[in-house]
Amino acid sequence: MNATARRAAISDLLRSRPVGVDELAARFGVTASTIRRDLSALTGTGAVVRTYGGALAAGGEEQSLHERETIAAPQKAAIARVAEQLIEPGQLLLFDAGTTTGALASRLTTWSGISVATTGLTTLTTLADAGGVDLVALGGAVRHISHGMVGPLTEAALAQLTADCAFLSADGVDAVRGLCESTAEQASVKRRMIEQARRVVVLADAGKLGREDSHWWSALPDQWTLITDASAGEAQLAPFRALPGVTVLVAGE
């Protein structure tokens, strides 16, 4: 495969999900240096956006929840296993909408003595029959593409509680700017969740680290926890580990 064909194939692949340099090198049987040159060329055309250790398609449409459920599923399951270890009986937890928070919810179906307040329809469906979990739907307008609830009703409900821990997801996570999302409404709900929680835990697979192609941001507090998966490279993790208030947990290490 010549460079032109390879770059076209890379561009097509990135439309489905973010991909790292090492994975691309193995897939196309070339060196990491060759892939970096390919990505630089594609970046120059505006076709892709570089991230730490990889790239993603530029200007792509937001993926539906069902599409995202097929991306990095083993990594999300591993992240959920680590996140579960942070939960204690008697806590009130906030669950963001998303597939990784949904994976965590699936691990709580046999729990008892905890309360979960959520903006995610996936978590609501998963825990609806979990008799030991006090389940609170935070209401609001439903975003059909993400199965998440947003808007003034959601934020008004959040203002009435204080959570022991908020488990958040995002389109991307930046060590300095925080969490990025596709819409202002999503970012606003995340800011409210952060304000109402004593502890903030961000669940993000490696493909989301350093990603900043969405336009709306939610700043994170001085102290928070990042849980990611073992495919995250040191270049991706270093900016987070450099922050004194951030705890980085890598599932699978």
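Colleague: Two strands pair if DSSP finds at least two bridges between them. With that settled, which residue in β13 is the bridge partner of L179?

Modeller: The bridge partner of L179 in β13 is S218. Please bear in mind that this is a predicted model, in which local features need pLDDT of at least 70 and side-chain atom pairs count only at pLDDT 80 or more, while totals for chains, interfaces and linings use all residues. Residues are numbered from 1 along each chain as its sequence is written, and side-chain values use heavy atoms, with hydrogens and water left out.

Colleague: What is the order of the strands in that open sheet?

Modeller: The order is β10-β11-β13, an open sheet of 3 strands with antiparallel pairing. Its edge strands are β10 (172–174) and β13, each of which pairs on one side only. From one strand to the next, the twist averages 30 degrees. As for the labels, helices (H or I, at least four residues) and strands (E, at least two) are DSSP runs numbered from the N terminus.

Colleague: What holds strands of a sheet together in general?

Modeller: They pair through backbone hydrogen bonds, in either a parallel or an antiparallel sense.

Colleague: Back to this sheet: how many bridges join β10 to β11?

Modeller: There are 3 bridges between β10 and β11, which run antiparallel. A hairpin connects the two strands through 3 residues.

Colleague: Which helix lies across β11 and β13?

Modeller: That is helix α9 (residues 184–195), which runs at about 5 degrees to β13. Axes are lines fitted to C-alpha atoms, for helices over the stretch in contact, and angles run from 0 to 180 degrees between N-to-C directions.

Colleague: Which side chain of opposite charge is nearest to K208?

Modeller: It is D205, at 4.5 Å. Lys and Arg count as positive and Asp and Glu as negative, whereas His and the chain ends are not counted. Setting aside neighbours within four places in sequence, K208 is in contact (heavy atoms within 4.5 Å) with A170, D171, G172 and V173.

Colleague: How many salt bridges does the structure hold?

Modeller: The structure holds 8 salt bridges. One of them joins the side chains of D38 and R6, at 2.5 Å from N to O. D38 lies in helix α3 (residues 32–45) and R6 in helix α1 (residues 3–14), so the pair ties together parts that are 32 residues apart in sequence. Both D38 and R6 are buried.

Colleague: Which residue forms a salt bridge with E84?

Modeller: R107 does, with the closest N and O atoms 2.6 Å apart. That pair links distant parts of the chain: E84 is in helix α5 (residues 73–84) and R107 in the loop between α6 (99–106) and β5 (114–118), 23 residues apart.

Colleague: Why does E84 count as buried?

Modeller: E84 counts as buried because its relative accessibility is 15%. R107, at 33%, counts as partly exposed.

Colleague: What about E234 and R241; how do their side chains meet?

Modeller: They meet in a salt bridge of 2.8 Å, N to O. E234 is partly exposed at 48% relative accessible area, and R241 is partly exposed at 37%. Elsewhere, salt bridges that share partners join R6, R7 and D38 into one network.

Colleague: Finally, the chain overall: what share of its 253 residues is buried?

Modeller: Buried residues make up 51% of them. The secondary structure comes to 10 helices and 15 strands.

Note on methods. Buried means under 20% relative accessible area, exposed over 50%, partly exposed in between (1.4 Å probe, protein chains only). A salt bridge is a side-chain nitrogen of Lys or Arg within 4 Å of a carboxyl oxygen of Asp or Glu.
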